[in-house]
Amino acid sequence: MRRGFKLLVLMSFSSLMLLAAKPADSTVEGKCMTCHKEKTKGLYQQWYHSEHGKHNVTCYDCHKAEKGDADAFMHEGALIATLVTPKDCASCHPNEAKQTMESHHATAGQILQSNDAYLAHVIGGHPVAITGCESCHGAKVEIDPASPNKLSKTSWPNSGIGRINPDGSWGSCNACHTRHSFSKAQARQPETCGKCHLGPDHPQKEIYEESKHGIMYFTNVDKMNLKADVWRVGVDYYEAPTCATCHMSASAQMAVTHDVGDRISWTLRPPISKKLDKSDKRRDNMKQVCSACHEDQFIAGHYYQYDALVNLYNEKFAKPATDIMTMIKKADVMKHKAEFANDIEWVYWEIWHHEGRRARHGAAMMGPDYTWWHGIYEVGKHFYLKFIPEALEYDVPEVNAYIEKMLSENKMHNWIDKPAADLKQGIKDGSLQLNYKVLFEQ
Ligand code: HEC
Ligand code: HEC
Ligand code: HEC
Ligand code: HEC
Ligand code: HEC
Ligand code: HEC
Ligand code: HEC
Ligand code: HEC
């Protein structure tokens, strides 16, 4: 109500008159509702019971189009568009739209150059790029030339988070605010993010379910006060944080953000993790959320353990594996020309893109099973028993020398030819752990 209040008062007044005057509501807005109440009953009910319905934000307020819009068409006497993009929502919600459009979510549709896209298009094929990748990431929504200004069936339906819209805007707000209820209570719940943030390469949903935070949420949903207008952690609710709590919602000191990157310090996506720009500031933002329920030493302890795990993954596995892959590629010894036609490329890919990410995400969000059994356990198994043997098979002198040096001199790797009893003694007396001390100090 804070935005466009006057406009809405005027609008709601006229809309109310229209509704009261049923069935003779001959204005454009009134006709949409009257007819769609019959033609698409469920859709109408979702809208009617939503905050938009209650505040008389009509079908036409969102769907009206301007002459010259690429996707505008005449429908029952009115010029409308089916897509309602962040630019359209921005006319009433400018702040949310600005933050969304500045976030990493908005650029999630720019994936065609990635190795992931290569896999989908070459190993899979076009239909799976549409129904897989693009349904999460979004893609360019095209106009069907055969049906003037209607949306092309190859590119819509699509509610990908970084969709590229005909009006030049990026994203789709209904990726989180499912239509036509457009509810913030829904968006605050972890299921919202779970459409995309799950699975072998980024199992945030599963990690959350495993974590103490998820346990507290799922066993206390009724106490979460999800419908509150203002939803500050520790003030308006206290049992558990959700995805939105940590990454978006308000705390006692901090406002809601629609830029989901505002509170994370590392990027855990690439083969070797990096700290983001202004990582200290971003981390401080997240710590403010934690401090609603935990004290500073506890929070610092969490980050100490998390950083050490990321460093372990980076230093022990990701950097050597990446060096070795680079040398093998440079030596031009792989049997097949195309990328991903050779076994070792898949092994390397899964080490960083699946298993290594799972470990990092598990440590970030308190999911021990993902950190170890689905994470570093798999990384270690595939690194020592698949990746290294396959790399040695190419018999490239530079690679052989690199591996030999690593396995004999690197204290994290030189266990292979030692008696197990000595290693076990090292665990007991703590000398083995000392080899990893440096990872806590970076
Ligand atoms: C007399 C009935 C009627 C009226 C009035 C009406 N619609 Fe529709 N609308 C339909 C029907 C039936 C369909 C589905 C068939 C079709 O595609 O034409 C539809 C389809 C749509 C679609 C999807 C179109 C597409 O091809 O993607 C949108 C969006 C829509 N209506 C919005 C509106 C809005 C906004 C208004 C008011 C300006 C409105 N409708 C008025 C009956 C109506
Ligand atoms: C708050 C803005 C908003 C309001 C109000 C709104 N819509 Fe929509 N509508 C959307 C969005 C967003 C989409 C999804 C299009 C997209 O992907 O961008 C959509 C999609 C649609 C579609 C096509 C998708 C489908 O599932 O069939 C129809 C039809 C439609 N709306 C009709 C209506 C009607 C009728 C009303 C009023 C009862 C209405 N809309 C009110 C935002 C709105
Ligand atoms: C279930 C939804 C989903 C599907 C399907 C999906 N992705 Fe993703 N993708 C994501 C999410 C969520 C992330 C971000 C994960 C994170 O930050 O940990 C991501 C990350 C990425 C990244 C890393 C981006 C960066 O900034 O580093 C690329 C590239 C990518 N995906 C491409 C693809 C391609 C291409 C496909 C199809 C082969 C695909 N994805 C399938 C949800 C999906
Ligand atoms: C990644 C998921 C996500 C996306 C995408 C998203 N939102 Fe939100 N939105 C949320 C969450 C979560 C909240 C609730 C924040 C809170 O706890 O108050 C919210 C709240 C809102 C609110 C209520 C604000 C208030 O103070 O009452 C509006 C309005 C809103 N979003 C508009 C938008 C618009 C417009 C877009 C697209 C430009 C958008 N959102 C995209 C997750 C999302
Ligand atoms: C004509 C103005 C207008 C347009 C366009 C509009 N909204 Fe709203 N929206 C409102 C009003 C008014 C409210 C209710 C008061 C408030 O929460 O600010 C609202 C509330 C919301 C809420 C909070 C609902 C809740 O549960 O409290 C969300 C989320 C939201 N809008 C998302 C969107 C999205 C997404 C779009 C575009 C698809 C959109 N709005 C387009 C005016 C608009
Ligand atoms: C429709 C799919 C989808 C939904 C729903 C979704 N995300 Fe994302 N999210 C993505 C993709 C794809 C990326 C990766 C974007 C990239 O790297 O290009 C991403 C990235 C992120 C990032 C990393 C941002 C950064 O700056 O590196 C965070 C944090 C995040 N999402 C949190 C959330 C939360 C919290 C929710 C729910 C409230 C949510 N997402 C809902 C698809 C989604
Ligand atoms: C208790 C707070 C908390 C909860 C709950 C939480 N996260 Fe996170 N999330 C974090 C922290 C902390 C990080 C790591 C931040 C950093 O690197 O500084 C993170 C990192 C991420 C990233 C970045 C991953 C990358 O590849 O760079 C994504 C995406 C993400 N979370 C999504 C989610 C989703 C989706 C949910 C719910 C299913 C969720 N988070 C629940 C705290 C939380
Ligand atoms: C809304 C309250 C709340 C918020 C916010 C919150 N937590 Fe928690 N956290 C809890 C509860 C409750 C537990 C379970 C305590 C127990 O084990 O009895 C917990 C447990 C933990 C644990 C121990 C996990 C385990 O398995 O023993 C860690 C670590 C943790 N939180 C870190 C964080 C960090 C870091 C943040 C911020 C990114 C955060 N928490 C935000 C409520 C919260």
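How many residues of domain 1 are in contact with residues of domain 2? In this predicted model, seven residues of domain 1 touch five residues of domain 2.

## Overall architecture

The protein chain is divided into domain 1 (5-63), domain 2 (84-182), domain 3 (204-293) and domain 4 (296-440). Its secondary structure comprises 22 helices and six strands. Taken along the principal axes, the C-alpha atoms of the protein chain fill a box of roughly 90 × 55 × 35 Å.

Of the 442 residues of the protein chain, 31% count as buried. Among contacts in the protein chain with a separation of 6 or more, 56% are made by residues 24 or more positions apart.

## The contact of domain 1 with domain 2

Seven residues of domain 1 and five residues of domain 2 form this contact. On the domain 1 side, H3 and helix H5 (59-63) each supply at least two residues. The largest share of that side, three residues, comes from H3. By class, the side of domain 1 that touches domain 2 holds three nonpolar and four polar residues, with no charged residues.

## Packing of H2 with H3

Helix H2 (residues 28-39) packs with helix H3 (residues 41-48) at an angle of about 130 degrees, and their axes are 6 Å apart. That angle makes H2 oblique to H3. The residues that meet are Met33, His36 and Lys37 in H2 and Lys41, Leu43 and Tyr44 in H3. This contact of H2 with H3 divides into three nonpolar, one polar and two charged residues.

## Packing of H16 with H17

The axes of helix H16 (residues 296-331) and helix H17 (residues 343-364) come within 10 Å and cross at roughly 170 degrees. H16 is therefore roughly antiparallel to H17, since angles over 145 degrees are placed in that class.

H16 contributes residues including Gln305, Tyr306, Leu309, Phe317 and Ile328 to the contact, and H17 contributes residues including Ile344, Tyr348, Trp352, Arg360 and Ala364. By class, the contact of H16 with H17 has 16 nonpolar, two polar and one charged residues.

Ligand 5 has 22 residues around it, of which Glu51, His55, Cys89, Cys92 and Cys173 come nearest. Helix H4 (51-54), H5, helix H6 (86-89) and helix H10 (184-187) each supply at least two residues of this shell. H5 also supplies at least two residues to the side of domain 1 that touches domain 2.

At least three residues of the shell around ligand 5 come from each of domain 1 (5-63) and domain 2 (84-182). The shell around ligand 5 divides into 10 nonpolar, seven polar and five charged residues.

Which residues come nearest to ligand 6? Of the 24 residues around ligand 6, these are His104, Ala108, Cys193, Cys196 and Gly261. Helix H9 (126-137), helix H11 (190-193) and helix H14 (243-247) each give at least two residues to the shell. H14 gives the most, with three residues.

Domain 2 (84-182) and domain 3 (204-293) each provide at least three residues of the shell around ligand 6. By class, this shell around ligand 6 has 13 nonpolar, 10 polar and one charged residues.

Met366 lies in the loop between H17 and helix H18 (368-393). Is Met366 buried or partly exposed? Met366 is partly exposed, because 18 other C-beta atoms lie within 10 Å, whereas a buried residue would need 20 or more.

Leaving aside neighbours within four places in sequence, Met366 is in contact with Ser211, Lys212 and His213. Met366 and Lys212 are 154 residues apart in sequence, and their C-alpha atoms are 7.6 Å apart in space.

Notes
Residues are numbered from 1 along each chain as its sequence is written. Chains are lettered from A and ligands numbered from 1 in the order in which they are written. This is a predicted model: local features need pLDDT of at least 70, side-chain atom pairs count only at pLDDT 80 or more; totals for chains, interfaces and linings use all residues. A residue is near a molecule or strand if its C-beta atom, placed from the backbone, lies within 6 Å of it. Helices (H or I, at least four residues) and strands (E, at least two) are DSSP runs, numbered from the N terminus. Ala, Val, Leu, Ile, Met, Phe, Trp, Tyr, Cys and Pro count as nonpolar, Asp, Glu, Lys and Arg as charged, and the others, Gly among them, as polar. Domain bounds come from an automatic or database domain assignment. Axes are lines fitted to C-alpha atoms, for helices over the stretch in contact, and angles run from 0 to 180 degrees between N-to-C directions. Angles under 35 degrees count as roughly parallel, over 145 as roughly antiparallel, 65 to 115 as roughly perpendicular and the rest as oblique. Two residues are in contact if their C-beta atoms, placed from the backbone, lie within 7 Å. A residue is buried if 20 or more other C-beta atoms lie within 10 Å of its own, exposed if 12 or fewer, and partly exposed in between; C-beta atoms are placed from the backbone.
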